[in-house]
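Open the model in your viewer and keep the selection tool at hand. Each stop below says what to select and what is there.

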Amino acid sequence: MNLSDEALTDLYKWVDSIPLSKPKKNITRDFSDGVQVAEIVKHFFPKMVELFNFRICNNTKQKMDNWELLNRKVFCKLRFELDEQVMRDIANSVPGVLESFLDKLRTKIDHALWHMKMHPPRRESDKPEADQVYESPQRKGTQRRRSPTRGESIDLITSQNLGRSEPFVPPENTLGASRPVVPYFSGQPTEAVSLLQYQGKCQESLTKEETIGILEIKIRKLEHLLHLKDLKIEDLQGQINHHQPTVKTKKPQKFH
C-alpha cells in the first residue's frame with residue numbers, strides 16, 4: 001500500500017499545486033476529516049462539491065460522516081467509492097493510507113477531465129457539472145459495485161486494491177479521434193509530469209514573478225526615500241554649521 005519516495009514526492013508536489021484553505025503541515029492528520037479532499041475535488045470540478053456540507057472536526061464519528069458524504073455525493077460521480085475500512089483508516093490517520101488514496105484520487109480526476117474533453121456536451125444542459133462527467137458507465141476493470149445514488153457501475157476501493165495507481169494515459173484514437181493533449185504526456189518514465197501539476201507550477205511561477213515585481217517597486221521607493229533623507233540631513237547640517245558662532249581664542253597675557 002505504501003508509495004515509493006519518488007511517488008510520494010510527486011504526489012506532495014501535486015497537492016501543493018492546489019490552493020487549499022490551510023497549508024499542509026502533517027498531511028495524514030490535516031486530511032483525516034475529508035475537508036481538504038473535498039477542496040481538491042472542487043478545485044477541478046467547482047460544481048461537484050458544496051464545501052459548506054463538510055465540517056472541520058477532530059471527532060472520529062464526525063470525520064466518518066464527512067467521508068460517507070464524500071462517498072455518496074462526490075466520489076460516485078468520479079466512478080469510485082471507498083469501503084468503510086479505508087475511510088476509517090484515513091480518519092484514524094493510519095500511516096500510508098491517505099497517500100495511497102490521494103494517488104488513486106489523482107488518477108480518477110485525470111480520467112474524468114479527459115472524459116469531459118473527449119465527450120463535451122452537445123448543448124447547454126440544466127444538469128450540474130458533476131452529472132456531465134460520465135453519461136454512461138464503462139464496464140471494465142476489477143472489483144465494481146452499483147452506485148447507490150446513480151445506479152452506475154463504479155470502482156470499490158478497498159485496502160487490498162489501494163496500491164500504487166499508474167498515471168492515467170488515454171488510449172490512442174479513442175472513438176476515432178486523435179490523441180489529445182491530456183493530463184499526462186509522453187517521455188521517459190522518470191520524466192512523466194502531470195499536466196495539472198505543470199499548470200499549477202506555471203500559476204505558482206506567475207504569482208512569484210508578480211510578488212517579485214511588487215517587491216522591486218517597494219525597494220526602489222525605499223531607495224528614493226533614503227536619498228531624500230540624506231539630502232535633508234545634508235541641508236540641516238549645513239544650516240547648523242552656518243548658524244554656529246565662531247569661538248575666538250584669547251591670547252595669553254604677558255606679565256612684566
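Select G96 and S100. The backbone oxygen of G96 lies 3.1 Å from a polar atom in the side chain of S100. This is a predicted model, and every distance on the tour is computed from it. S100 is part of helix α6. Is S100 buried or exposed? Its relative accessibility is 0%, so S100 counts as buried.

**Next stop: V97**

Stay with helix α6, which covers residues 97-118, and select V97. V97 has a relative accessibility of 3% and therefore counts as buried. V97 and L3 are 94 residues apart in sequence, yet their C-alpha atoms are 9.6 Å apart in space.

**Next stop: the rings around F101**

Select F101 and F75 and show their side chains. The two rings form a tilted aromatic pair, with 5.6 Å from centre to centre and 55° between the planes. Which parts of the chain does this pair tie together? F75 sits in the loop between α4 (60-73) and β1 (80-82), while F101 sits in helix α6, so the pair joins parts that are 26 residues apart in sequence. Both F75 and F101 are buried.

F80 has a relative accessibility of 0%, so F80 counts as buried. F101 likewise counts as buried, at 0%.

Now select W67, F75, F80 and F101 together. Ring pairs link these four residues into a cluster. In the model as a whole, the count of aromatic pairs comes to six.

**Next stop: R106 and its partners**

R106 and D10 form a salt bridge, and their closest N and O atoms are 2.8 Å apart. How far apart in sequence are the parts that this pair ties together? R106 lies in helix α6 and D10 in helix α1 (residues 5-16), so the parts are 96 residues apart in sequence. R106 is buried, with a relative accessible area of 2%. D10 is partly exposed, with a relative accessible area of 22%.

D103 counts as buried, at 1% relative accessibility. With all of them selected, you can see a network of salt bridges that links D10, D103 and R106.

**Last stop: K24**

Clear the selection, then pick K24 and D16. These two form a salt bridge, with the closest N and O atoms 3.8 Å apart. D16 is partly exposed, with a relative accessible area of 46%, and K24 is partly exposed too, at 30%. K24 lies over the face of Y12, at 5.0 Å from the ring centre. To close the tour, the count of salt bridges in the model comes to seven.

Conventions: Residues numbered from 1 in each chain as written. Predicted model: local features only at pLDDT ≥ 70, side-chain atom pairs only at ≥ 80, totals over all residues. Heavy atoms only, no water. Helix = DSSP H or I, 4+ residues; strand = E, 2+ residues; numbered from the N terminus. Buried < 20%, exposed > 50% of the residue type's maximum accessible area, 1.4 Å probe, protein only. Phe/Tyr/Trp six-rings, centres within 6.5 Å; stacked < 30°, edge-to-face > 60°. Lys NZ or Arg CZ within 6 Å of the ring centre and 35° of its normal. Polar contact = N/O pair within 3.5 Å; in protein donor to acceptor, adjacent residues only side chain to side chain. Salt bridge = Lys/Arg side-chain N within 4 Å of Asp/Glu carboxyl O.
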